[in-house]
Amino acid sequence: MAEKYDAIIIGAGVIGAPIAYELAKQGYKTLTVDKLSDAGLGSTAASCAIIRAHYSTEDGVAFAYEGFHYWMDWENYLGRVKDEKGLAKFMQTGSILLKSQGHDWRKVQKHYDAVGVQYEEWDLDQIKAAAPVYELDEFWPVRRPEDPSFFDDPAKKLEGALFCPEGGYMSDPALSAHNIMRAAEVHGAKFMFNAEVVDVRAADGRVAGITLKDGTQIDAPVVVNVAGPHSYKINQMAPGVWEGCNIKTKALRHEVMHCPSPEDYDYYNKGYHTSDGDIGCYYRPELGNQFLIGSEDPDCDPQEWVDPDEFYAGQGGTGRDNQLTEAQWKAQCYRLARRVPSLPIPNQPRGVVDLYDCSDDWIPIYDKSDLPGFYMAIGSSGNQYKNAPVAGAMMAQLIDACEKGLDHDAQPLQFKMKYLKRSLDMGFFSRKREINTDSSFSVNG
Amino acid sequence: MSIYVCVKHVPDSAATITIRDGRQIDETITFLLNPYDENAVEAAVRQKAQETDTEVVAVTLGKAGAENTLRSALAMGADRGLHILTAERQDSMVTARALAAAIRQDGVADIIFTGKAAIDSEGWETQYRLAAVLDLPVVSNVTELSREGQALTVVWEGDAGALQTLKVPLPCVIGASKALNRPRYPTLPDIIKARKKKIRTVDLAALDLGRPAGVLELLDLQPAVENRRAKILAGSPEVAVDELVRLLREEAKVI
């Protein structure tokens, strides 16, 4: 006889684990399955784990800022659970958003005011005092080093910055998912690893359970797709689900670079997370006094959509997918080197290559599906790490409300934020939405 | 003073090497300046910093793409580049002759630096062959170096970590080890400057090397399979330690 649970969560990453945690706290008997050998080892592990509040929509800002409260109170959020691996740590560096043509910072500032995000407006002298290695010239538009005008001398200075003192990053994204798993287990949540889902079964017009690669069938009236870069494959396994989504998800190859900090600058202890639309990069301190350099996906950069199974088969194996691309290494490092001219650039590229699970408009889908009992928290890579605990609470509310009869498509759930006391119309994240043209179509969300 | 640094364009050690036709590797991967040659370039640039009127010339034998490696050496502070262009992979006998001929044609070397080895072929021999062709003294795996007049005092590491101090008259060939220095990382202004530095290209065929006495022919290329498997020893610490000792003695045969 097949095993039976109240809810199966597919994916033990940083979004899947909090969904399991919140459902378990509500009394659901949950099983989280993951193809890998532990929590957070998929694309979560490669996340830059930035905690910042600037988004292109007011709800986006509110959602992220609500998340701050969870990260700042991490131990209590976890119910003071002990994790044998230790707890991930919120590195509260503060977050600089440079005012540039690459970000609609006026809109962000308006949203900050509306939501009540703590911030300061900095002029160039204040930025220079905080981050003396930054040169504050304007380099816009973002170009690639192959373009000769990349090296043109700047003609103008930037305008200043919005500084959000509460921002930062989590020290270890994989560990943060592991922490949440341990917290969930206290409430009876079960986790199963090395368990690859090959089928999502339906019966009598609703989801019935999953089938694993080894043939094991596990039944549950609720199945949640939180499979990260594999999300579209899981949706395609569930009858009618993929077809019922107006917004689809795909896997995008993404590279993050590590460059040492200038020798006389203690970026690791004194540096700030910085969003720099002017050069199409964001950066934050990384262990070993390094700059971690992420890309804001400027239009001039190529996008490589891949099959996640083929990509991960190449990880550490015979594929090219575990290697940084030389051209992209140069693009991201040289861009940051315009802002930080003393940045040392090693001859040998180093960093992280992994996949984003991207939706058509880079806004996630937190929703039910056309198959009753089947839910999804997908399209979340690139800009949802910071929202993970809130997304967990929101998905648990949604699942519980729908299972109790809510017609979420007709009357979208109004999610109540615990800390900000705002409510958020979950219709914003609907799979049925039209492409949201307010989105930045990038990691900025 | 005139310093030449021989550098090699090699696959990134982080690259996944794929073998094609049993004879060559797939070259669509990242290639870069051989890491030991970075120590050689650093040593050359530091010598230059100690003496006015010193020129550092980076020399390579390689395909067209090897120009990137010369640019890396230039970004680290070499003054100009010399690219001996070849369409084929060359063995160390041809390489040493080509480097010697190109350097002779270019000027008079006081010191020639190389890395102690290239991370692709790991032959550890080009520096010795180069010195033999030029009839110069050579010391490799050098960990310390200082110059007094027309001689270098060098420390080199021999077998099992034995260090030996030698005095070598100039001109000479020096093979740099990792311990010699910490190579600098260029900054973007260095890289931009390097884009404008001169690289002279000579064709390997134009050097008229003649025929070396021996030729290395590559018959077959196979990936080295690494079979490293972690094993967790169960049981109490006492039991696990006993088992570990047994494994080290009987299986690994290292104690």
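Author: Start with the domains of chain B. Keep in mind that this is a predicted model.

Reader: How far apart do the C-alpha centres of domain 1 and domain 2 of chain B lie?

Author: The two centres in chain B are 44 Å apart. Domain 1 of chain B covers 2-207, and domain 2 of chain B covers 228-255.

Reader: Which residues make up the domains of chain A?

Author: Read the ranges with care here, piece by piece. Domain 1 of chain A is assigned 3-85 + 172-249 + 360-429. Domain 2 of chain A is assigned 90-169 + 250-352. Their C-alpha centres lie 28 Å apart. In the contact, domain 1 of chain A supplies 22 residues and domain 2 of chain A supplies 27 residues.

Reader: Which element gives the most to the side of domain 1 of chain A that touches domain 2 of chain A?

Author: Helix H2(A) does, with seven residues. H2 spans 58-72, and strand E4 (50-51) of chain A also supplies at least two residues of that side. By type, that side of domain 1 of chain A has 15 nonpolar, four polar and three charged residues.

Reader: Now the two chains. How many residues of chain B are in contact with chain A?

Author: On the chain B side there are 18 residues, and they are in contact with 20 residues of chain A. Two elements of chain B, strand E5 (31-33) and helix H5 (188-196), each supply at least two residues of the chain B side. H5(B) has the largest share, four residues. Eleven residues of the chain B side are nonpolar, five are polar and two are charged.

Reader: What should I expect of nonpolar side chains in general?

Author: In soluble globular proteins they tend to be buried together. Now the case here. The largest nonpolar core has 199 residues. Among those with the most contacts inside this core are Ile8(A), Val224(A), Met395(A) and Ala78(B). Helix H11 of chain A, residues 388-403, gives the core its largest share, nine residues.

Reader: Which residues is Ala78(B) in contact with, leaving aside its neighbours within four places in sequence?

Author: Its contacts include Val5(B), Val41(B), Ala44(B) and Val45(B). Val56(B), Val57(B), Ala58(B) and Ala73(B) are also in contact with Ala78(B).

Reader: Let me try a strand. Are the residues of E12(B) buried or exposed?

Author: Strand E12 of chain B runs over residues 172-176, and five of its five residues are buried. Next, look at where the residues point. Cys172(B), Ile174(B) and Ala176(B) point one way from E12(B). Val173(B) and Gly175(B) point the other way.

Reader: Which strands pair with E12(B), and do they run parallel or antiparallel?

Author: Strand E8 (residues 111-115) of chain B is joined to E12(B) by five bridges, and the two run parallel. Find Ile112(B), which stands opposite Val173(B) of E12(B). Strand E9 (residues 138-148) of chain B also pairs with E12(B) in the parallel sense, over three bridges. There, Val142(B) has Ala176(B) as its bridge partner.

Reader: Last, the whole of chain A. Why is it called as compact as a globular protein of its length?

Author: Compare two values. The radius of gyration of chain A is 21 Å, close to the 22 Å that the globule rule gives for 445 residues, so chain A is as compact as a globular protein of that length. Chain A has eleven helices and 25 strands. Its C-alpha atoms fill a box of roughly 70 × 50 × 45 Å along the principal axes.

Reader: What percentage of the residues in chain A is buried?

Author: Buried residues make up 53% of the 445 residues in chain A.

Conventions: Residues numbered from 1 in each chain as written. Chains lettered and ligands numbered in written order. Predicted model: local features only at pLDDT ≥ 70, side-chain atom pairs only at ≥ 80, totals over all residues. Domains from an automatic or database assignment. Contact = placed C-beta atoms within 7 Å. Nonpolar A, V, L, I, M, F, W, Y, C, P; charged D, E, K, R; others polar. Core = buried A, V, L, I, M, F, W, Y, C linked by C-beta atoms within 7 Å. Buried ≥ 20, exposed ≤ 12 C-beta atoms within 10 Å, placed from the backbone. Pairing = 2+ DSSP bridges. Rg over C-alpha atoms; globule rule 2.2 N^0.38 Å.
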